[in-house]
Structures are given as C-alpha cells and as structure tokens.
Amino acid sequence: MVWYCVGYTPDHSPSRDRAIPTALRKRKQSGNAFTSTLPLLKVSSLSILSRPSPLFSLFLRSVFLISNRTLVKLRAGTRGLVIEVMAPPIETPNKALNSHQHSHPPLNERILSSMTRRAVAAHPWHDLEIGPGAPTIFNCVVEIGKGSKVKYELDKKTGLIKVDRVLYSSVVYPHNYGFIPRTLCEDNDPMDVLVIMQEPVLPGCFLRAKAIGLMPMIDQGEKDDKIIAVCADDPEYRHYTDINELPPHRLAEIRRFFEDYKKNENKEVAVNDFLPSSSAYEAIQHSMNLYADYIVESLRR
C-alpha cells in the first residue's frame with residue numbers, strides 16, 4: 001500500500017507556517033511505487049488544531065471519503081493533526097503479477113484526473129452528469145432564481161456562478177433559469193433552460209427537469225434557443241408533458257420577458273413561436289452530440 005501523511009503544526013509563527021507541507025510526502029510499503037506525487041484537499045486552515053475532537057475527525061473523514069474516494073485515517077501527532085490517506089496502487093506492466101494481492105481496485109481515469117488537479121471542486125458544466133433520462137428528463141444547474149433581477153451566469157474557467165449584471169429593464173426572471181450540463185450549442189455555451197416550478201431555487205443548485213417545449217430565439221442575430229421545462233420533482237408541474245398544456249398567458253409572459261429584458265441595452269431579441277416537446281428533445285440531443293464531438297474528443301487528445 002502507499003500511504004500519504006500530512007502534518008499540521010499548531011504554531012502560528014511565520015517560520016512554522018512556511019513549514020506546513022503543501023504536498024503529500026510519499027512513503028512506499030511492500031515495494032509498490034506510486035507514479036506521481038498527488039495533491040490533497042487544501043486544508044491549511046487546520047493548522048490551528050493540535051487535537052481534533054472525535055466529531056471533527058468524523059466530519060473530515062466524510063469529506064475525504066466523498067471527495068477523493070480514498071481511505072482516510074486521522075490521528076493527533078506531536079506537531080498537530082495528522083491526516084493519513086491510503087490510495088489504491090496504480091498497476092504498471094512490471095507489477096501485473098502482484099495485482100491480485102491488492103484488495104482495492106485500481107483507480108479509474110476519472111478519479112485520477114480529479115486527484116491530479118490543483119483544485120478539487122467539481123465543474124458543473126463538465127463534471128455533473130446530464131442524467132440517464134436525457135433528453136426527456138435531465139439535470140439542470142440553476143443560474144438565476146425565479147423573481148431575480150440579477151443576471152448570474154456560469155464562469156466557464158472556474159465553474160463558479162458569477163454576477164454578470166443587473167438587468168437594465170424593469171423586469172425579473174419569470175422562472176428559474178439555468179443550463180443543461182454536458183451540452184454544447186452553436187454559441188459555445190451549454191443549452192439554456194427555463195424551469196417552471198412553484199418556488200425559486202438558489203443559484204448553483206441543480207435539479208431534475210422535464211422538457212416540454214422549445215422557444216426559438218434570435219439574440220443580436222445569433223441563434224439562442226431556450227428549452228422550456230418543468231421541475232420533475234414538483235407535484236404541481238411534473239405531470240405536464242407538452243408546452244401546449246400550459247395556460248396561454250404563462251407563455252405570453254415568458255415571451256414578453258425575453259423580448260424586453262435587453263431593450264434598455266439597445267440589444268435586439270426576437271422570439272419565434274413555441275415548439276412542442278419533440279422539438280425540445282431533438283435540440284437537447286443535438287447539443288449532447290455537439291458536446292461529445294468537441295469537448296470529449298478534445299479532452300481525450
């Protein structure tokens with residue numbers, strides 16, 4: 001097995017703080033070598049702890065188990081909190097004969113990729129599954145809550161939700177608005193979706209949505225279609241299957257919002273007639289195929 005240990009000192013002096021390890025120290029056992037030194041969760045704030053409580057140890061253990069899928073042991077050392085992480089060994093051709101001796105399966109490529117990153121936070125566009133029911137029922141990451149005048153949007157580089165602007169017009173988003181993970185449209189953004197449900201949802205959360213229609217839209221001369229969906233876990237709306245089942249006034253409100261929300265920015269938006277759920281399924285499937293072609297293939301290269 002390969003064990004990684006990180007010690008944190010309770011001393012706050014600058015010289016001791018600089019001595020806090022930023023990488024894992026590797027110790028080999030049973031002759032099994034790890035191919036590279038891998039980073040651990042950034043927990044430098046734990047340097048203030050000299051003796052962790054049992055409850056805090058249980059919390060940390062849960063965090064590590066969820067984040068890195070590794071076995072974690074916590075103990076109090078003479079210099080502070082010591083975190084021991086045991087990762088399953090990576091098999092190499094010359095070690096193939098010893099593979100049967102290990103009780104833990106080799107790490108798959110996805111977990112290895114996440115461990116070799118400098119940051120361990122998941123990216124909502126790329127790391128969140130679209131869901132097994134796509135393109136009918138899918139996961140949706142909410143960027144803007146119902147009733148908000150703040151235009152939040154995904155920062156593609158960091159995966160965080162940032163404030164883009166406050167709407168110039170005196171309007172608010174009529175429903176929760178976000179995007180479908182692992183999709184790609186012609187504007188190089190994920191597929192947009194408006195989710196009709198009873199309550200506003202906080203930006204950054206994700207939910208299960210069911211597509212019921214498509215709103216074709218042209219934003220400043222570029223195609224920017226929106227999926228109209230309902231929350232699949234909202235008892236008031238989950239039974240809807242097609243956009244024609246919605247009250248006509250609800251559709252008029254949605255159309256008017258998108259026609260007006262950029263007028264004071266002198267930007268032209270045109271909304272065409274709503275299309276049925278079958279068109280929404282085709283649009284989502286097309287965006288899934290584009291994502292697979294351009295994103296997945298580039299990552300493999």
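## Side-chain pairs and backbone exceptions

Glu-265 and Lys-267 form a salt bridge in which the closest N and O atoms are 3.5 Å apart. This is a predicted model, and the contacts described here are to be read as features of that model. Of the two partners, Glu-265 is buried, because its relative accessible area of 16% falls under the 20% limit for that class, whereas Lys-267, with a relative accessible area of 29%, is partly exposed. Separately, salt bridges that share partners join Arg-255, Arg-256, Glu-259, Asp-260, Lys-263 and Asp-273 into one network.

By the distance rule applied to the structure, the count comes to 18 salt bridges. Side chains of opposite charge can pair when their charged atoms come close. Three of these bridges, including the one already described, are set out in the table.

| Salt bridge | Closest N and O atoms |
|---|---|
| Glu-265 and Lys-267 | 3.5 Å |
| Lys-162 and Asp-155 | 3.9 Å |
| Lys-226 and Asp-192 | 2.9 Å |

Lys-226 and Asp-192 form a salt bridge with their closest N and O atoms 2.9 Å apart. Lys-226 lies in strand S13 (residues 226-231) and Asp-192 in strand S9 (residues 192-196), so the pair ties together parts of the chain that are 34 residues apart in sequence. Both Lys-226 and Asp-192 are buried. In the bridge between Lys-162 and Asp-155, where the closest N and O atoms are 3.9 Å apart, Lys-162 counts as partly exposed, at 35% relative accessibility.

Turning to the aromatic side chains, a search of the whole structure finds eight aromatic pairs. In one of them, the rings of Tyr-173 and Phe-257 have their centres 4.7 Å apart and their planes at 55 degrees, so this pair is tilted. The pair links distant parts of the chain, 84 residues apart, since Tyr-173 is placed in the loop between strand S7 (161-166) and strand S8 (176-179), while Phe-257 belongs to helix H4 (residues 248-260). Tyr-173 is buried, with a relative accessible area of 2%, and Phe-257 also counts as buried, at 4% relative accessibility.

Phe-258 and Tyr-261 form an aromatic pair of the edge-to-face kind, with 5.6 Å from centre to centre and 80 degrees between the planes. Phe-258 counts as buried at 1% relative accessibility, and Tyr-261 is buried with a relative accessible area of 4%.

Most residues other than glycine have a negative phi, and most peptide bonds are trans. Against that background, the peptide bond from Ala-134 to Pro-135 is cis, with omega near 10 degrees, and Pro-135 lies in the loop between helix H3 (109-115) and strand S5 (137-144).

Two asparagines have a positive phi, namely Asn-188, with a value near 70 degrees, and Asn-266, with a value near 60 degrees. Asn-188 is placed in the loop between S8 and S9, and Asn-188 is exposed, with a relative accessible area of 52%. Asn-266 is found in the loop between H4 and strand S14 (269-271), where Asn-266 counts as exposed at 73% relative accessibility.

Technical notes. Residues are numbered from 1 along each chain as its sequence is written. Side-chain values use heavy atoms; hydrogens and water are left out. A salt bridge is a side-chain nitrogen of Lys or Arg within 4 Å of a carboxyl oxygen of Asp or Glu. Buried means under 20% relative accessible area, exposed over 50%, partly exposed in between (1.4 Å probe, protein chains only). Helices (H or I, at least four residues) and strands (E, at least two) are DSSP runs, numbered from the N terminus. Rings of Phe, Tyr and Trp (its six-membered ring) pair if their centres lie within 6.5 Å; planes under 30 degrees apart count as stacked, over 60 as edge-to-face and the rest as tilted.
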